[in-house]
Amino acid sequence: MTGIGQLVATELRAERHGERSPASIVFLISLWGAMAFAVLCLLVLLVDSFLDGAPRLDIELFTRYTSQVLPERAGARAAILGSAFVIALTAILAIPLGIAAGVYLEEFADARRWYNKLIEVNISNLAAVPAIIYGMLTAGFALAIGMERRVVLAGGIALALLILPVVIIATREAIRSVPQEIRHGSLALGATPLQTVWRQTLPGAIPGIATGSILALSRALGEAAPLLLLGGLVFVNYDPDGLMSGFTTLPIQIFNWASQPQQAFQEVASAAIILMLVLLLIMNALAIVIRNRYQNRW
Amino acid sequence: MGLLKAAAALSVVVTVGIFVSLLIPSIQFFREISPWDFLTGSRWAPTFNNPDFGVLPLITGTLWTTAIGLLIAVPIGLGAAVFLSEYAHERVRRVFKPILEVLAGIPSVVYGYFAVFYVTPVLLQSLFGIEVGTFSVLSAGIVLGIMIIPTVASLSEDSLSAVPRSLREGSYALGANTMRTTLRVVFPAAISGITASIVLALSRAVGETMIVALAAGTAARVVTSPTESGQSMTGFIAQTATGENSPGSLTYNTLFAVGLLLFVITFIINVIAGIIVRRIREVY
């Protein structure tokens, strides 16, 4: 007869043994391995592009245009300015539209209506459409209205359409996190639904919307695929000067340089990669700061 | 109010716009090339003197890179997800989750660069001694896999974490250890979310452009081994779009026909993912 104390002791020992059985240990090691692999990939990727690009991380990267004859002195000036123009336009187009659509769906739309259901399904499907398809849409649109497709305006439209679903989804989540009591209080004081949204709900949701929008813009900054469809954006030797100006962007320029055989282009490509990653890091840090500092705790 | 509604309705206009802008050139394309020849032909040479428009080589290119990518991303992504959700302490999670987010935020052109100038020459050729050329579906697939690890990991982790604690405690109470609990209780309970994450990763892999355009090569032929170079659907679109193509020409229309095929394939994958996601919500 085993006493109850003995039984408990056996069980405990069995349990401990279970956690340290060879199978368990192998399992845990393989989990660590998976996590370590992901971390290692990131480290190697960052270190490799830094080592390749550091020697070319000089002032000429910012001041000079790309050059076929002098790859050693090629710079990303046109690409940096082009990215700035296109991203600014993307923000101007996508953020107000995304916020408006998000506000409508979250605050005013009757979810039972068929057309609101259609819009809902549609937005989640749009978020999963491959980026390159947005380039085809923009190229087709430009052709239909007789617009030149190699211009800043077309680039901004393509990227704005790409990130629109992301901004809408971020807006909706931010608005949903504003408690119902705030709206009820505002309505009880006699504000109209529109006033309530404009003066109460939206201000409360701004930090969340800002974070989501910055993250969406950082995706647009790194995206090259839709812009490829706008054609011939690679040899740009002038500054963009308006909506109808030709342009190139950092990721497109990197793509072009990385496809060239010369070693010197590879170096300037990785220098531009470092620059782009630093920009993305700044944007992401900004998003995190906004989220942590201004996030409302209800 | 009307303006807000219009903004929301714009998303439907965008979808219709995608359909129309892909369909019009595609219809012109299929007037010249029969859809049957397009879908079943095994020679893709749209710009040659005796052109052929069999899309199968591009599909094999996409299949190889996607399959290799999933082969990397599914085990690694699931391992990381299980680790973060079931094993890691809060402090460890707070270190590793942002790392995955950073990995997810790196632009794909950077991954493409990494594939051509690091994975192929340093890893595959020097370290492992595999005989690959400058361009191969293997290199593109591996890096594609690295890119979609965060997609698999973060969505799977969400659905693993959503499994109620009581299920785990029930399993522990029956004497199972953490591994057994994870594999026999938590994992099956979260399986629909995990499947959805894999299907979404699949859709991203099929639609990814810059990595395959840089690293897989430009020779469109039926790929039979991973060390060969090949061209995917997106790779063809990227290559042709940057070259000479005036609207209305057959080359231009070919681009959109391939784009339509890509759109239809990813759309089907996304619909499947949507159905799976809707099934999870019924579980709890």
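A residue is buried if 20 or more other C-beta atoms lie within 10 Å of its own. The structure is a predicted model.

**Exercise 1. Decide whether Thr65(B) is buried or exposed, and find what it touches.**

Solution. 
- Locate the residue. Thr65(B) is found in helix H3 of chain B, residues 56–87.
- Count its neighbours. Thr65(B) has 34 other C-beta atoms within 10 Å, so it is buried.
- List the contacts, leaving out residues up to four places away in sequence. Thr65(B) touches Val137(B), Ala140(B), Gly141(B), Leu144(B), Val212(B), Ala216(B) and Ser232(B).
- Take one of these partners, Val137(B). Thr65(B) and Val137(B) are 72 residues apart along the chain, yet 5.5 Å separates their C-alpha atoms.

**Exercise 2. Describe how helices H7(B) and H8(B) pack.**

Solution. 
- Identify the helices. H7(B) covers residues 165–173, and H8(B) covers residues 178–189.
- Read the geometry. Their axes are 10 Å apart, at an angle of about 155°.
- Classify the angle. Angles over 145 degrees count as roughly antiparallel. H7(B) is therefore roughly antiparallel to H8(B).
- The H7(B)–H8(B) crossing is right-handed.
- Name the contact residues. H7(B) supplies Leu167(B), Arg168(B), Ser171(B) and Tyr172(B). H8(B) supplies Thr181(B), Val185(B), Val186(B) and Ala189(B).
- Sort them by type. The contact has five nonpolar residues, two polar and one charged.

**Exercise 3. State how many residues of helix H11(B) are buried, and name them.**

Solution. 
- Set the limits. H11(B) spans residues 233–242.
- Count. Nine of its 10 residues are buried, and the helix is mostly covered.
- Name the buried residues. They are Met233(B), Thr234(B), Gly235(B), Phe236(B), Ile237(B), Ala238(B), Thr240(B), Ala241(B) and Thr242(B).

Definitions and conventions: Residues are numbered from 1 along each chain as its sequence is written. Chains are lettered from A and ligands numbered from 1 in the order in which they are written. This is a predicted model: local features need pLDDT of at least 70, side-chain atom pairs count only at pLDDT 80 or more; totals for chains, interfaces and linings use all residues. A residue is buried if 20 or more other C-beta atoms lie within 10 Å of its own, exposed if 12 or fewer, and partly exposed in between; C-beta atoms are placed from the backbone. Helices (H or I, at least four residues) and strands (E, at least two) are DSSP runs, numbered from the N terminus. Axes are lines fitted to C-alpha atoms, for helices over the stretch in contact, and angles run from 0 to 180 degrees between N-to-C directions. Angles under 35 degrees count as roughly parallel, over 145 as roughly antiparallel, 65 to 115 as roughly perpendicular and the rest as oblique. A crossing is left-handed if the near helix is turned anticlockwise from the far one by less than a right angle, and right-handed if clockwise. Two residues are in contact if their C-beta atoms, placed from the backbone, lie within 7 Å. Ala, Val, Leu, Ile, Met, Phe, Trp, Tyr, Cys and Pro count as nonpolar, Asp, Glu, Lys and Arg as charged, and the others, Gly among them, as polar.
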